[in-house]
Amino acid sequence: MAGALATRRPGAIIGSAAFAALLGLLWAFGPGADPARPFGPALVVTARVAAAYFLLAFSASALARLTPSARVLVANRRYLGLAFALVHGVHGLLVVAWAQ
């Protein structure tokens, strides 16, 4: 049972990060977006999602020492880091676009 608990799920983790980044972009530039402030909501969403992925990847081993159910975070730490990099990259592109 312990092996089933700590399974790797790279597609689900990176897919959820891509979905969150896409939602941030749609919120900023989709229908009903505020034309006066298009980058504000997207910057907030991508920053918060990236922070959540970073905290999960950074604290995975400490959480696994506290509770055995957090071993799944240790098994997926690489993919949590890649998800952080994906969302943070989108956030960086939005910052560059906003600054111009």
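Helix 2 and helix 3, the latter covering residues 40-58, pack with their axes 7 Å apart and at an angle of about 160°. This is a predicted model, where local features need pLDDT of at least 70, side-chain atom pairs count only at pLDDT 80 or more, and totals for chains, interfaces and linings use all residues. Residues are numbered from 1 along each chain as its sequence is written, and side-chain values use heavy atoms, with hydrogens and water left out.

Some terms. Helices are DSSP runs of H or I with at least four residues, numbered from the N terminus. Axes are lines fitted to C-alpha atoms, for helices over the stretch in contact, and angles run from 0 to 180 degrees between N-to-C directions.

Back to the pair. Helix 2 and helix 3 are therefore roughly antiparallel to each other; the label applies to angles over 145 degrees, while those under 35 count as roughly parallel, 65 to 115 as roughly perpendicular and the rest as oblique. Their crossing is right-handed, that is, the near helix is turned clockwise from the far one by less than a right angle, with anticlockwise being left-handed.

Which residues of helix 2 and helix 3 meet? From helix 2, Ile13, Ser16, Ala17, Ala20, Gly24, Trp27 and Ala28; from helix 3, Pro41, Ala42, Val45, Val49 and Tyr53. Contact here means heavy atoms within 4.5 Å. By class, the residues of this contact divide into 10 nonpolar, two polar and no charged. Ala, Val, Leu, Ile, Met, Phe, Trp, Tyr, Cys and Pro count as nonpolar, Asp, Glu, Lys and Arg as charged, and the others, Gly among them, as polar.

Now the loop between helix 2 and helix 3. Ala36 lies there. Ala36 counts as exposed, at 66% relative accessibility; exposed is over 50% relative accessible area, buried under 20%, partly exposed in between, with a 1.4 Å probe and protein chains only. Ala36 and Tyr53 are 17 residues apart along the chain, and their C-alpha atoms are separated by 30 Å.

Next, helix 2 with helix 6. Helix 2 is residues 10-29, helix 6 is residues 77-99, and their axes come within 8 Å and cross at roughly 20°. That makes helix 2 roughly parallel to helix 6. The crossing of helix 2 and helix 6 is right-handed. Among the residues that meet are Ile14, Ala21 and Phe29 in helix 2, and Leu82, Leu86 and Leu94 in helix 6. This contact has 16 nonpolar residues, no polar and no charged.

Gly11 is in helix 2. At 59% relative accessibility, Gly11 is exposed. Gly11 and Tyr79 lie 68 residues apart in sequence, yet 8.6 Å apart in space, C-alpha to C-alpha.

Last pair: helix 3 with helix 6. Their axes are 8 Å apart and they pack at an angle of about 155°. That makes helix 3 roughly antiparallel to helix 6. The crossing of helix 3 and helix 6 is left-handed. Its contact residues divide into 17 nonpolar, four polar and one charged.

Is His91 buried or exposed? His91 counts as buried, at 16% relative accessibility. His91 is in helix 6, and Thr46 lies in helix 3. Thr46 is buried too, with a relative accessible area of 1%. The side chains of His91 and Thr46 make a polar contact at 2.8 Å. Such a contact is a pair of N or O atoms within 3.5 Å; within protein, one must be able to donate a hydrogen and the other to accept it, and residues adjacent in sequence count only if both atoms are side-chain atoms. Leaving aside neighbours within four places in sequence, His91 is in contact with Leu43, Thr46 and Ala47.

Key. Helix = DSSP H or I, 4+ residues; strand = E, 2+ residues; numbered from the N terminus.
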